[in-house]
Amino acid sequence: MVKRFTRLSIILFIGFLINSLVGFNSTVAQTSCDTPTNIHTTNVSNFSVTLNWTQPLNANHYSISYKEIGTSNELFKHLVTGASKDINNLDTSTTYVWKIKTFCSSDNSVFSPWSDLDTFTTTNHPVDCNNTPNGTAYIDSCGNCVGGNTGNVDCIPFSPTVGVILSNMDCDSLTDLSFSFSQDPNEPDVSSSVFSSDGGYFDFLGLNLNDTIGSSINMAGGGLLNVTTTLLVDFVINPDKISVKSVDNNTSQILSSFTIENTSTGILIIATSLPDNNNITSGNSQSFILSGIFVNPGPGVLTFTSTINSEIGDVDVQTFPFTIVCLSVDCNGDVNGTAWTDSCGNCVDGNTGNVACIAFSPTVGVILSNTDCDSLTDLTINVSQDPNEPDMSTALFTSDGGSFAISSLSVGDTIGSAVMSAGGGSLNFNTNLIVSSIISSNQAILQSINISNGLSLGTFTISNSNPGISIIAQSVPDSNNVTSGNSSSVTFDNIFINPGPGVLTFTSTINSEIGDVDVQTFPFTITCLNVDCNGDVNGTAWTDSCGNCVDGNTGNVACIAFSPTVGVILSNTDCDSLTDLTINVSQDPNEPDMSTALYVSDGGYFDIASLSVGDTIGSAILSAGGGSLNFNTNLIVSSIISSNQAILQSINSSNGLSLGTFTISNASGGVNILGQSIPDGNNVTLGNSSSVTFNNLFVNPGPGVLTFTSTINSEIGDVDVQTFPFTIVCLNVDCNG
């Protein structure tokens with residue numbers, strides 16, 4: 001007998017069997033919250049499904065549980081609202097079981113039992129490139145998924161529209177260079193663009209950072225974005241290559257950059273597009289103008305070539321030929337004109353109104369007011385030029401003997417005069433030569449000051465060389481290289497010292513602004529009168545070992561040997577203790593003046609770390625002028641360089657004026673004190689003395705011999721070195737002192 005089951009019995013049996021196999025039991029809660037009914041599925045596909053149910057009254061939200069049959073990995077969707085829920089990210093050809101429960105309160109405290117179980121099986125339909133089952137999307141020639149449900153359109157062939165424009169085609173002339181390209185919507189994106197030429201070049205001379213060299217108009221996004229920019233120099237890579245930045249005129253933001261360069265055959269422009277996460281354009285265009293920096297080549301065909309690459313490997317190459325011609329234009333810019341360039345490089349004749357320059361041939365003269373050996377003399381230099389000669393740029397006058405008495409000069413001294421004419425005689429000036437700067441005892445700078453208005457008309461540099469002198473003059477540029485006629489006569493009053501007997505030769509070397517060089521020589525026979533060093537004929541004055549003129553009618557006495565008397569005193573010789581340090585120096589009358597004095601020790605140190613600016617740390621007693629000048633000073637800390645160096649001012653107690661400085665330092669193994677004498681206009685003393693005491697500042701070293709060494713230099717090069725030893729001992733002091 002065959003046992004027959006009803007459809008309901010079979011469903012109940014299958015439900016029981018599923019619950020038994022997966023252990024997926026419902027929990028019944030004793031609540032007043034109803035379980036959803038009529039649970040079922042729709043829209044079953046390869047990877048998703050829609051779960052549906054009938055909502056009970058008072059439902060606030062739901063929780064859904066689902067899993068693959070035969071697994072224990074239960075998945076949940078909580079806080080679900082409405083009467084359906086889409087479930088995604090499922091596996092194909094897989095059977096799932098699900099259930100749902102109601103929550104009737106927002107805090108999840110009131111809920112229903114789980115519903116009965118329901119099952120569904122995902123499909124395994126073929127999917128297109130958009131992952132749509134049975135979809136019609138496909139991969140186009142650009143490698144993109146298009147058609148079907150993508151919303152994307154098939155790309156078209158890569159065919160950018162390119163253009164190159166020159167503002168003129170005159171040979172060897174500056175021109176604006178414009179280059180542009182555009183694309184239709186759905187073309188492959190551009191990755192890089194290269195524009196080159198087989199002639200011409202960029203004129204980069206004088207370009208600097210942020211100079212404006214052009215502009216651009218840019219459209220993208222099928223017309224959604226429109227930007228006008230200014231092209232600026234980003235940086236100069238080398239003399240033949242620069243980087244250009246495109247700056248938004250509204251926001252001042254840098255939108256892009258590219259390089260332009262000169263090659264061995266022409267020019268090269270390279271631009272790289274920024275990635276935009278796709279390889280298809282919505283439609284774009286760019287137009288760049290490089291203003292007035294491209295120079296056309298000579299006559300012939302000039303060809304520009306554009307090489308544009310797409311992001312998917314397409315290459316578009318186009319050429320743009322231009323016929324470059326030369327107009328018959330003279331140097332004045334007149335077509336078929338007769339102007340020409342003369343030997344000075346100037347455009348003359350024709351419509352210029354200019355006359356061709358003549359050879360560079362300045363007339364030069366040198367005059368000495370006397371030719372007595374070893375005597376002061378006036379030195380006069382005359383220079384003139386005819387109209388239409390090349391302008392002078394520099395003039396150098398040298399001698400093979402003699403010297404300038406520069407050491408006798410002071411800033412502001414008037415040491416000569418000049419008479420000058422320019423503009424073919426239309427401009428005339430009388431000037432004084434004023435000392436504006438003394439570089440050293442062998443070099444000074446003079447200003448030629450207009451007597452009528454006090455303005456400077458130029459400078460001279462006068463120098464003593466070995467041997468002889470040199471005078472350097474620099475002409476003031478006048479925006480042309482040809483003179484209308486000029487002359488100058490410059491006299492240096494009583495500052496040139498003739499050499500000893502023999503032939504003294506002056507040489508003038510004058511350069512023009514176009515490179516000419518004119519050299520002339522002027523010999524003088526120098527003879528000697530029997531004159532002593534004081535300038536007295538047959539006098540008995542003579543030059544002593546200090547270089548001074550003495551005896552005769554000078555009233556000066558010959559200097560004696562450099563032998564300063566030096567003494568060093570310590571107030572105590574206890575080891576490791578503070579002590580007063582006194583240094584005494586004196587000189588007899590007629591000794592050479594001291595220039596610098598250095599005192600060093602081979603031990604001990606100054607307690608500089610305890611000092612503050614303004615502290616009084618000692619005193620000095622000074623005598624000069626053979627005792628006619630006497631000063632009492634305080635030693636004041638004026639500057640603390642570091643914990644090991646300070647600068648002291650010697651301040652006159654009576655009027656507060658500074659009489660000099662000392663630099664005290666802690667060196668490796670001891671101290672040093674450096675003093676600089678103030679120049680007094682001569683190199684011999686009338687007798688002087690000084691006693692300087694540093695109060696309670698020097699710290700003795702440990703026991704042993706402490707030696708101070710003085711090194712004193714005279715103004716004429718003598719060096720006196722003396723040493724002063726002290727025996728430092730440690731007293732036997734108990735812990736109570």
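Let me start with a term: a residue is exposed when its relative accessible area is over 50%. Keep that in mind for asparagine 58. Its relative accessible area is 64%, so asparagine 58 counts as exposed. One caution before we go on: this is a predicted model.

Stay with asparagine 58. The residue sits in the loop between β2 (49–54) and β3 (61–68).

Leucine 79 is exposed, at 61% relative accessible area.

Next, a cis peptide bond. Where is it? It joins asparagine 466 and proline 467, with omega about 0 degrees. Proline 467 lies in the loop between β31 (456–464) and β32 (469–474).

Now the strands. Look at β7, residues 118–121. Its side chains alternate. Asp118 and Phe120 point to one face and are buried. Strand β6, residues 95–103, runs antiparallel to β7, and four bridges join the two. Across from phenylalanine 120 in β7 stands tyrosine 96.

Last, charges. How many salt bridges does the structure hold? One. Glutamate 261 meets lysine 241, side chain to side chain, at 3.8 Å, N to O. The glutamate is in strand β17 (residues 254–262) and the lysine in β16 (residues 241–248), so the pair ties together parts 20 residues apart in sequence. Glutamate 261 is buried, at 15% relative accessible area. Lysine 241 is partly exposed, at 24%.

Terms used
Residues are numbered from 1 along each chain as its sequence is written. This is a predicted model: local features need pLDDT of at least 70, side-chain atom pairs count only at pLDDT 80 or more; totals for chains, interfaces and linings use all residues. Side-chain values use heavy atoms; hydrogens and water are left out. Buried means under 20% relative accessible area, exposed over 50%, partly exposed in between (1.4 Å probe, protein chains only). Two strands pair if DSSP finds at least two bridges between them. A salt bridge is a side-chain nitrogen of Lys or Arg within 4 Å of a carboxyl oxygen of Asp or Glu.
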